[in-house]
Amino acid sequence: MNGYEFARAVRTGRNLAHRFLSAPSAPRAGADWERLRAAAPVWLGVPARGAGPTAQRLRALAARIGDGPPTDAELAEGLEALASAAAALGDEPGDAEARAILAAVERAVGTLPPFVLGFDCTLDTDWSGDPCAWVWVLLRDDTDPDSEEFRTFSRELGRHLWDATLAAGSARIPYSRLHTVSDAFAPGAEVA
Amino acid sequence: MSLADDLLEQAEHLAQRDPTRPKQASLRRAISSAYYALFHLLIREATAALVADARLRELVSRAFDHGEMKQACRPFAAGALPDHLRAVTDATVPNDLRTVAEVFAQLQQSRHEADYNVARGFSRPDTLGLLARVRGAFEAWGRVRTQQIATVFLVNLLLAKKWAR
């Protein structure tokens, strides 16, 4: 993993864990906490492939966690490492816009269906060169894409994204991508 | 069944092949077919609205440009029409029309990646999610197609760039 990929992985982690990074006193229990636990292979496991002391710390933690779900204490330790990595990286141009879009997406979507673990956002241009925002939706591995609940979520997603980008004051075209934890964790996977 | 319906059915068939280990080729072709299903649906409706002569419609249908159609969809997807379009319709953009416009823009981008970006992998949930959106867009179009603003949308697909000059 090169430096750019590590920075991208930390930003993805920051976006997935933002509720707990921006409010360290947020209750560490409940649905959001369990989503963070299920998403740990992405926000904790992917940056652990990088170089440097933070990645080393995450790698040691990931090795202790193994294949099972992380404990509350391990999640807390991972959050602390992620927070220091994010602080060291600082903000890049566009981060504030991406954060505003993500916050608006979360407001527009409202209560998350159980198979959605979180969102990430990257700013880019589309095939024709128009500025766009990619909103990545992280799904549980056991998501049933044939279920009515999944189809309903997918159908409503596009309008939520347009409402969200407008609410965030962005003129970008919003596009979505859905991927599971395993897809996102796979070595060499295109990282959000 | 029309070409648009056949393409969507083909897309759904491809996406359902090998559900436990789908081939990238099947998922990519499913996305591409789903985009062209919506593309041909809108072209057919637009040429029917614009041209009375059935033989001439085929020729006119070749004048539509993918990129220009995406640009034309933007204000409808956002639900915020420019002044020159607001001047010719009394309606606000119905949610069904917003759905058609946003799905068209999304699928055009996804189609481009499915056909040309070999570095990107497609998952079954991502593909089935896109197909559900196209199916939803077909249904939404069926509900909204007789409204006057739907005709404005169709004509704008062909003329938006010229009106923007």
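Which handedness does the crossing of H6(B) and H8(B) have? The crossing of these two helices is right-handed, and it is one of several helix contacts described below for this predicted model.

**Helices H6 and H8 of chain B**

- The axes of H6(B) and helix H8, which spans residues 148-163 of chain B, come within 10 Å of each other and cross at roughly 20 degrees.
- Angles under 35 degrees count as roughly parallel, and H6(B) and H8(B) are therefore roughly parallel to each other.
- On the H6(B) side the contact is made by B:Leu97, B:Val100 and B:Ala101, which meet B:Ile149, B:Ala150 and B:Phe153 in H8(B).
- Sorted by class, the contact of H6(B) with H8(B) has 6 nonpolar residues, with no polar and no charged residues.

**Helices H4 and H6 of chain B**

- Helix H4 (residues 66-78) and helix H6 (residues 95-116) of chain B have axes that come within 8 Å and cross at roughly 140 degrees, which makes H4(B) oblique to H6(B).
- The crossing in which H4(B) passes H6(B) is left-handed.
- From H4(B) the contact includes B:His66, B:Met69, B:Cys73 and B:Phe76, while the residues of H6(B) that take part include B:Leu97, B:Ala101, B:Phe104 and B:Gln108.
- The residues of the contact of H4(B) with H6(B) divide into 9 nonpolar, 3 polar and 3 charged.
- B:Leu97 and B:Ala101 of H6(B) are among the residues in the contact with H4(B), and these two residues also meet H8(B).

**Helices H2 and H3 of chain B**

- The axes of helix H2 (residues 24-50) and helix H3 (residues 54-61) of chain B come within 9 Å and cross at roughly 130 degrees, and the two helices are therefore oblique to each other.
- H2(B) and H3(B) form a right-handed crossing.
- In this contact, B:Ile43, B:Thr47 and B:Ala48 of H2(B) meet B:Arg57, B:Val60 and B:Ser61 of H3(B), and by class these are 3 nonpolar, 2 polar and 1 charged residues.

**The interface between chain A and chain B**

- The size of an interface is often given as the accessible area lost when the parts come together.
- Between them, chain A and chain B bury about 2600 Å², and 52% of this is on carbon and sulfur atoms.
- Of the area that chain A buries against chain B, 29% is supplied by A:Trp127, A:Arg155 and A:Arg159, more than by any other three residues.
- The count of salt bridges between chain A and chain B is 6, and a salt bridge joins the side chains of A:Arg177 and B:Glu113 (2.9 Å, N to O).

**A salt bridge within chain A**

- Side chains of opposite charge can pair when their charged atoms come close.
- Within chain A, the side chains of A:Arg11 and A:Asp95 meet in a salt bridge (2.9 Å, N to O).
- This pair links distant parts of the chain, with A:Arg11 in helix H1 (residues 3-16) of chain A and A:Asp95 in helix H7 (residues 95-109) of chain A, 84 residues apart.

Definitions and conventions. Residues numbered from 1 in each chain as written. Chains lettered and ligands numbered in written order. Predicted model: local features only at pLDDT ≥ 70, side-chain atom pairs only at ≥ 80, totals over all residues. Heavy atoms only, no water. Axes fitted to C-alpha atoms, helices over the stretch in contact; angles between N-to-C directions. Helix = DSSP H or I, 4+ residues; strand = E, 2+ residues; numbered from the N terminus. Parallel < 35°, antiparallel > 145°, perpendicular 65-115°, else oblique. Left-handed = near helix turned anticlockwise from the far one by under 90°. Contact = heavy atoms within 4.5 Å. Nonpolar A, V, L, I, M, F, W, Y, C, P; charged D, E, K, R; others polar. Buried area = accessible area lost by both parts, 1.4 Å probe. Salt bridge = Lys/Arg side-chain N within 4 Å of Asp/Glu carboxyl O.
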